[in-house]
Amino acid sequence: MGLEEKLPSGFVLTTVEQAAGWVRKSSVFPATFGLACCAIEMMTTGAGRYDLARFGMEVFRGSPRQADLMIVAGRVSQKMAPVLRQVYDQMPSPKWVISMGVCASSGGMFNNYAIVQGVDHIVPVDIYLPGCPPRPEMLMDAILKLHQKIQGSKLGVNAEEAAREAEEAALNALPLIEMKGLLR
Amino acid sequence: MSDEQNTNSGQVPAPVDRSGEVIGVRKGMFGANNGGDTSGYGGLVRTVTLPGATSRPYGGWFDEVADELEGALEEQDLLPSEAIEKTVVDRGELTFHIAREHLPRVARTLRDDPALRFELCTGVSGVHYLGDKGRELHAVYHLRSLTHGRLIRLEVSTPDSDPHIPSLVEVYPTNDWHERETYDFFGLVFDGHPALTRIMMPDDWQGFPQRKDYPLGGIAVEYKGAQIPAPDQRRSYS
Amino acid sequence: MTTSQASSRTTTEGTVYTVTGGDWDEVVESAAKADDERIIVNMGPQHPSTHGVLRLILEIDGETVQEARCGIGYLHTGIEKNLEFRSWTQGTTFVTRMDYLTPFFNEAAYCLGVEKLLGIEDQIPDRATVLRVLLMELNRISSHLVCVATGGMELGATTIMIYGFRDRELVLDLFEMITGLRMNHAFIRPGGLAQDLPPGAVDRIREFITTMRKNLPEYDKLATGNPIFKARMQDVGYLDLAGCMALGATGPVLRSAGLPHDLRRTDPYCGYETYDFEVPTADTCDAYGRFLIRLEEMRQSLRIVEQCLDRLEPGPVMVADKKIAWPAQLALGPDGLGNSLDHIRNIMGTSMEALIHHFKLVTEGFRVPPGQTYTALESPKGELGVHVVSDGGTRPFRVHFRDPSFTNLQAMAAMCEGGQVADVIVAVASIDPVMGGVDR
């Protein structure tokens, strides 16, 4: 990206990180990626009662090139998958993905030939939002959590360090199937 | 089901309606398809039959429609018995089983004859009876007459080895997408359709997903440390 | 075209062309032949104004649409196949997600089909039938509101969208109170309903009717007489009666061509013949007529809802046949999930047979005699037909939905070809296709 990625680590970088995070989270532009039932709830969230404008993101961009958040709202079929990836690739970095609803997160109840079993097979997902469909309040909660994540995101050498740490943690984590017990 | 007499259960005559169309055999007590039957009735064999042909009178306006259709077909020098394989009245619905080569003519007659006037076709639905040997694939059309306020069903069957049915797009243009959908899901080829291509699945998809011999295609799901198989792989009863 | 009109000669400087100009008619003619203006535009499958993941392939010459094709299947979910691996009761959970704006219609159509196969149509309690009608009519209002709202948004009239979603929230509040969910209810079950109305529901619905009667004229004030709105909608998306019949278009599209065909009237189900309502029509065959029809249908639906409330009598909402109805009425446990401990203790302590019965009915489900049936009802989009086939098992053998969106969308080409690109959006919005229903 720009100059901010080239800064030496230290006080300047962390300050820039905070400023950039604050600016980025305050005006997230979502791309319209409504697919199924969740899309209607997403539109409801943008409409009068729930009013996403309070979080600086009421304008859903028609073009992915002007958007930095993709809300995958609904089931992703095998036919839609390449389209979804192309839309994602057209978005400029930094970009985030919310997987809205169980169908997008894991295929949900449609465990069959037609549906991609989780949109994370195609694009990296930042927030998984359960529900069928999730209530608008839940979507707003996911968005607020994403704001926190955006605020805390790292730049330059710090980003490399964070990526390294995340990878290490993932490598050391137990696979889900080995984590026994009811509460995990 | 000639071998039914040889089994133990054959000694007690089961009240099987033999007049109807046999579409399959059900074995065991609860229809467990894998894992075996532990009920002690594992040797039980029952045939599944759809309601069979009905004889006259059919009741209500059904007779009128049948008479008019037969008369109109005779006028076109087509023997009704040749075109209409059988007529079924079940649950208050009238079904004509049509020989596939005569389908367009019958449909056109049903649409144009002033006493019939089935103007609206509500599309075609494919059904795959894997157990109905020689007539595996059925195409079911529902025709609605707005003039007379009636609804009838046409059913056409073909063998799996030769899945061809004449297209009705000429008669009912609305069947364009419906026939493409049925082709996409069942592999039924509608001869004479202007552009019979896949409509729902991606163009390069292999197989016809809603046939009975096509797996559901689900994957096993990991939940709380256990693998839950896809719905079609589970132990189940039907 | 280019070289022949300019003669050339070779000099020491290179080739020199002498351009003498030509006959303009000739230039225009050759430009038309060159076909440079004709381009193919792909709208969607991800496009803000195509009502979901619809792909429109338009061949346009300047601003004129020469040829329009639809690409669908981007939301194909395989619901019909999935149903074949679930019990008859579980089927409602799937069908409700087909056309996600009209969940109650999908459920009702499916359940009417299953009930017809079972032969228990006469045993459905009156209260269940009246409540089905009530829920369906409320659903018709919410579906039409989304159609009007998104249609307005696609025209650029964002205010209509805000209005539409405002009023839809009121309906969803009712749904949430009655079924516990805003969408995808799975509330109508084979044999009746999942639950009775909660206390206070009737008053809330009456309140809603009053509010809605106040809000509906706002759409008229905002849109019906609005000159821009009319200019965009009138004579756009033209489809006459012959076209409708040939293409199988039903619902508001057919009624805008002047034929008062409404299955609630012509082939009544759920006792619609006893309700007092009008079937609005228009003779304009265009998008504006369909808009007016939808507005009027919302008013008629309010009338039907009111009549439903008046005839609600206390009583059961599920068939008495315990082979079909689950033996336990739901009594929530303290965690809000499952049956309450008291209730379970009651079942387990009193009757072993009841427990076995319950277990069999829930895990295995009831059996449906072999046969097939077609039931149709008037969804907000048109004739919603369900072809259900049973092989005598505990699971459907085949369920096919004849979704009105799917059939009506075929008319898109007939409505758009020869018109302007901007009118394609209006025409598609006036069909009101919901891709969940189109692709299933």
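This is a predicted model: local features need pLDDT of at least 70, side-chain atom pairs count only at pLDDT 80 or more; totals for chains, interfaces and linings use all residues.
Residues are numbered from 1 along each chain as its sequence is written, while chains are lettered from A and ligands numbered from 1 in the order in which they are written. Local features require pLDDT of at least 70, side-chain atom pairs count only at pLDDT 80 or more, and totals for chains, interfaces and linings use all residues; side-chain values rest on heavy atoms, with hydrogens and water left out.

Two bridges connect β1(A) in the parallel sense to strand β2 (residues 69-73) of chain A, and Pro30(A) stands opposite Leu69(A) in β2(A). Elsewhere in chain A, helix α5 (residues 136-151) contains His147(A). With a relative accessible area of 8%, His147(A) is buried (buried means under 20% relative accessible area, exposed over 50%, and partly exposed in between, with a 1.4 Å probe and protein chains only). Apart from neighbours within four places in sequence, His147(A) is in contact with Lys25(A), Val28(A), Phe55(A) and Met57(A) (contact means heavy atoms within 4.5 Å).

Chain B comprises four helices and 11 strands. Of its 238 residues, 50% are buried. Among contacts in chain B with a separation of 6 or more, 54% are accounted for by residues 24 or more positions apart. Strand β6 (residues 137-145) of chain B includes Ser145(B), which is buried with a relative accessible area of 1%. When neighbours within four places in sequence are left aside, the contacts of Ser145(B) are Leu116(B), Arg117(B), Phe118(B), Glu119(B) and Arg150(B).

In chain C, helices α6 (residues 126-155) and α13 (residues 287-311) pack at an angle of about 155°, with their axes 9 Å apart. The helices α6(C) and α13(C) are therefore roughly antiparallel to each other (angles under 35 degrees count as roughly parallel, over 145 as roughly antiparallel, 65 to 115 as roughly perpendicular and the rest as oblique). The residues of this contact between α6(C) and α13(C) divide into 15 nonpolar, two polar and four charged (Ala, Val, Leu, Ile, Met, Phe, Trp, Tyr, Cys and Pro count as nonpolar, Asp, Glu, Lys and Arg as charged, and the others, Gly among them, as polar).

Chain C also holds an open sheet of three strands, in the order β8-β9-β10 with antiparallel pairing. The strands β8 (371-379) and β10 (398-402) of chain C form the edges, each pairing on one side only. Neighbouring strands of this sheet are turned by 15° against each other on average, direction ignored. Strand β9 (residues 382-390) of chain C runs antiparallel to β10(C) and is joined to it by five bridges; the bridge partner of Val388(C) in β10(C) is Val399(C). Helix α5 (residues 103-118) of chain C lies across β8, β9 and β10 of chain C, at about 150° to β8(C).

Terms used: Axes are lines fitted to C-alpha atoms, for helices over the stretch in contact, and angles run from 0 to 180 degrees between N-to-C directions. Two strands pair if DSSP finds at least two bridges between them.
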